[in-house]
Amino acid sequence: MEGIRNKQRPFRLLKYLYENTDEEHPVTTSELVEIFKAEDAHASRKTVKDDIDILIQEGFDIITIRSTQNSFFLGGRTMEVPELKLLIDAVSSCRFISKEKSAVLIGKLKKMTSKEQAAKLTRHMYVADRVKADNHQLLYIVDTITDAINEGTKIRFQYFDYNASKERFLRHDGAEYKVSPYALLWDDNNYYMCGYSDEREGITNYRVDRMCNTHGLSEPAVPLPVGIDIEEYVEHQFRMFQGEEVDVTLECENSMMRYIIDRFGEDVETWNVTDDTFHVKVQVTDSPTFYGWVFSFAGKVRIMGPDRIRDKYGEMVRAAAEGNAAE
């Protein structure tokens with residue numbers, strides 16, 4: 001084995017400290033000398049000390065534990081272990097990242113700390129009803145969209161759906177969509193792109209994990225329409241479904257307050273009605289998803305008005321019940 005040259009030694013020392021040391025696992029001067037000698041490097045206690053001094057002068061946070069036998073470890077890192085745990089949990093639970101890509105990303109995150117601490121990053125978190133996406137292009141699609149937003153240009157892509165046999169098919173017979181992207185939106189564990197559709201001549205939302213064959217264009221994007229505030233637009237899109245925006249009054253049991261705040265924020269307008277109930281006025285999108293959200297609380301959240309929204313909800317519930325009865 002070819003020995004480590006003197007010029008290589010500080011880099012090899014830094015690599016060893018990065019991969020193998022932390023506050024719980026320092027390495028002594030003698031151990032470093034033996035490690036270098038095993039690799040046929042010219043090393044002594046003095047050369048190790050000199051190399052460490054050079055690395056410290058260059059700004060690396062190498063901590064010295066002074067004793068009869070000094071020991072060292074790499075201190076400050078780009079990411080601390082609690083931060084890495086949080087990111088690993090986020091990657092593991094993120095629906096739009098495939099299992100394979102999640103494993104790759106987690107492997108890279110583990111390399112940002114020592115081998116000993118990387119072992120502590122094996123997580124034991126389970127997320128109920130979390131189906132991972134299998135669109136392996138997704139990260140590159142997000143990158144293309146982000147570049148287009150930053151550069152003020154359009155993108156083109158195809159959009160797929162599923163038939164009754166769970167087979168993918170391209171919508172509109174594979175026709176390409178041309179869109180001026182304005183923002184990436186995150187809602188209910190799905191990633192969406194908000195942008196101006198040339199075909200529809202208006203702002204539309206697209207599920208990013210349903211996009212494919214995505215490419216950036218040099219064509220300038222359509223400017224955001226006058227009077228549209230993208231942040232307000234996002235807030236008013238109830239779970240990203242298109243429909244008429246409408247002010248709705250809901251009657252809720254007191255135990256529902258946390259769900260109302262989770263959905264609409266602490267500034268939402270509420271007032272007490274009885275000792276057990278309160279009313280809330282919110283702006284939502286008239287869509288099946290809104291009605292499904294109300295239904296999920298089994299009568300603890302009720303639509304009080306306007307009448308046409310309450311009646312439409314009643315009709316949907318009756319239609320669903322009649323369909324089940326017919327079966």
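These legends accompany close-up views of a predicted model. Local features need pLDDT of at least 70 and side-chain atom pairs count only at pLDDT 80 or more, while totals for chains, interfaces and linings use all residues. Residues are numbered from 1 along each chain as its sequence is written, and side-chain values use heavy atoms, leaving out hydrogens and water.

**View 1. An open sheet of 4 strands.** Follow the order S11-S12-S10-S13, with antiparallel pairing. Strand S11 (269-272) and strand S13 (301-305) are at the edges with a single partner strand each, so one side of each has no neighbour in the sheet. On average, neighbouring strands are turned by 30° against each other, direction ignored. Strands are DSSP runs of E with at least two residues, and helices are runs of H or I with at least four, numbered from the N terminus; two strands pair if DSSP finds at least two bridges between them.

**View 2. Where S11 meets S12.** Here 4 bridges join S11 to the antiparallel strand S12 (residues 277-285). Look for Glu-269, whose bridge partner in S12 is Lys-281.

**View 3. Helix H9 on the sheet.** Helix H9 (residues 257-264) packs on the sheet and touches strand S10 (245-253), S11 and S12. Its direction makes about 25° with that of S12. Contact means heavy atoms within 4.5 Å; angles run from 0 to 180 degrees between N-to-C directions of axes, which are lines fitted to C-alpha atoms, for helices over the stretch in contact.

View 4. You will find Thr-29 in helix H2 (residues 29-38). Thr-29 counts as buried because its relative accessibility is 6% (buried means under 20% relative accessible area, exposed over 50%, partly exposed in between, with a 1.4 Å probe and protein chains only). Leaving aside residues up to four places away in sequence, Thr-29 touches Arg-45, Val-48, Gln-69, Asn-70 and Phe-72.
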